[in-house]
Amino acid sequence: MKTDTILLNQSLSLPNGTVLKNRLAKASMSETLGTYDNRPTPALVELYKRWASSGLGLIITGNVMIDRRALGEPGNVVIEDERDLPTLQKWAKAATDHGAAIWAQLNHPGKQSTKGLNESNLAPSAVPFREDMAAFFETPREATEAEIKDIISRFGHSAAVCKKAGFSGVEIHGAHGYLVNQFLSPHHNRREDAWGGTPEKRRRFVMEVYSEIRRQVGAEFPVGIKLNSADFQQGGFTEEESLDSIRALVEAGIDLIEISGGTYEAPAMSGAMHKPKKASTVAREAYFLEFAEKVRSTVQVPLMVTGGFRSATGMNEALSSGSLDLVGLARLLAIDPDAATLLLQGRDSAQRVRPITTGIKAVDRMGIMEVLWYTRQLKRIGKGGNPVPSEGGLAAFLKSALGSGWGTYRTRRLRARS
């Protein structure tokens with residue numbers, strides 16, 4: 001492929017005038033490279049320096065939580081004040097020094113946090129997880145009006161700290177079953193007050209989160225959102241509701257929409273349940289490309305599609321179709337952190353993303369190895385080493401389970417002392 005025909009190399013202008021140097025983006029992955037009292041570390045600086053030096057145009061961080069009382073995993077970074085500003089500045093600079101934009105993905109887990117990590121978990125409504133997951137996730141309590149408003153304020157303040165630290169933008173995590181997605185979903189949100197009961201009221205939370213962030217960072221600072229095309233869950237967020245939410249966000253001034261799908265209970269984002277039937281869909285690689293085409297026919301907003309891309313040719317063809325503007329990569333960059341260098345030359349990485357299984361049916365059905373196994377690879381890169389693509393799923397699960405148990409214990413102990 002000739003370099004001048006590789007659409008990945010084209011720059012992209014966002015609605016607020018920000019220019020990304022190319023169309024290749026690193027999507028969010030679970031890193032858990034923070035301390036057990038949730039502070040950023042030099043390992044994050046090392047990891048992002050490695051990615052940025054490969055030529056990526058946009059790098060979106062893993063979950064950055066907005067409240068130390070509401071963690072998704074042990075080792076999450078939390079930004080709720082300026083106590084870690086010097087390290088945050090180094091983290092941002094690790095990317096921007098190489099010409100990459102770096103956006104912090106801001107998140108609140110809601111109910112989607114394992115038992116014992118937080119004092120309690122809240123959600124729009126007290127809806128339990130499905131029966132086979134109840135051993136890992138407790139039934140949340142319904143959030144109060146005061147708690148909802150506090151969370152909205154925290155999103156805005158965290159974004160303002162990110163801007164001060166030198167991050168290039170922020171992304172609201174509105175997908176994969178976390179709190180914003182929970183408010184949007186009629187399955188998780190069964191409220192009958194001003195925050196639920198109709199699609200418009202369920203959408204109120206995300207619209208107010210966006211509005212508060214915009215109020216605190218201004219019009220020139222990029223704000224995007226990762227949004228589910230659908231939850232792939234009975235009674236959940238549908239494509240029609242997603243399209244309506246996108247229309248509202250575009251009208252409000254959002255700069256970028258990243259399309260994904262699924263939740264912990266239906267993990268389509270990992271490909272664990274996404275099995276396209278059409279040969280044409282398989283050939284086009286991306287999981288959510290058909291939905292992106294629907295969005296493109298409805299509104300004009302920069303679109304990023306993450307999930308399923310395998311080859312430089314597939315990425316180039318997707319961009320040439322006009323149905324998306326940014327190609328999002330995640331798992332490939334965990335097993336080949338330098339893959340962007342090749343892709344921007346029209347060449348493929350030697351590594352291939354493969355299903356990660358343990359042989360334990362209950363574990364494999366949840367799809368959690370699509371998080372835990374790749375997180376282990378990121379930790380290796382953060383220590384200055386290289387990933388181990390050949391690592392077995394069962395061994396990784398056992399080591400991750402041990403580490404998670406210790407991390408939960410240490411997190412609770414440190415919180416009790418503070």
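1. Strand β9 (residues 169-174) and β10 run parallel and are joined by five bridges; strands here are DSSP runs of E, at least two residues long, and helices are runs of H or I of at least four, both numbered from the N terminus. Two strands count as paired if DSSP finds at least two bridges between them. Val170 is the residue opposite Val223 in β10.

2. This is a predicted model, in which local features need pLDDT of at least 70 and side-chain atom pairs pLDDT 80 or more, while totals for chains, interfaces and linings use all residues. Residues are numbered from 1 along each chain as its sequence is written, and side-chain values use heavy atoms, without hydrogens or water.

3. β10 also pairs with strand β11 (residues 256-260), again parallel, over five bridges. Asn228 stands opposite Ser260 in β11.

4. Six of the six residues of β10 (residues 223-228) are buried, that is, under 20% relative accessible area with a 1.4 Å probe, protein chains only (exposed is over 50%, partly exposed in between). Val223, Ile225 and Leu227 cover one side, and Gly224, Lys226 and Asn228 the other.

5. The largest nonpolar core has 113 residues, and Leu24 is one of those touching the most other members. Such a core is a set of buried Ala, Val, Leu, Ile, Met, Phe, Trp, Tyr and Cys residues joined through side-chain atoms within 4.5 Å.

6. Thr375 lies in helix α13 (residues 369-382) and counts as buried because its relative accessibility is 6%. Beyond four places in sequence, Thr375 touches Ser30, Glu31 and Thr32, contact meaning heavy atoms within 4.5 Å. Thr375 and Ser30 are 345 residues apart in sequence, yet 6.0 Å apart C-alpha to C-alpha.
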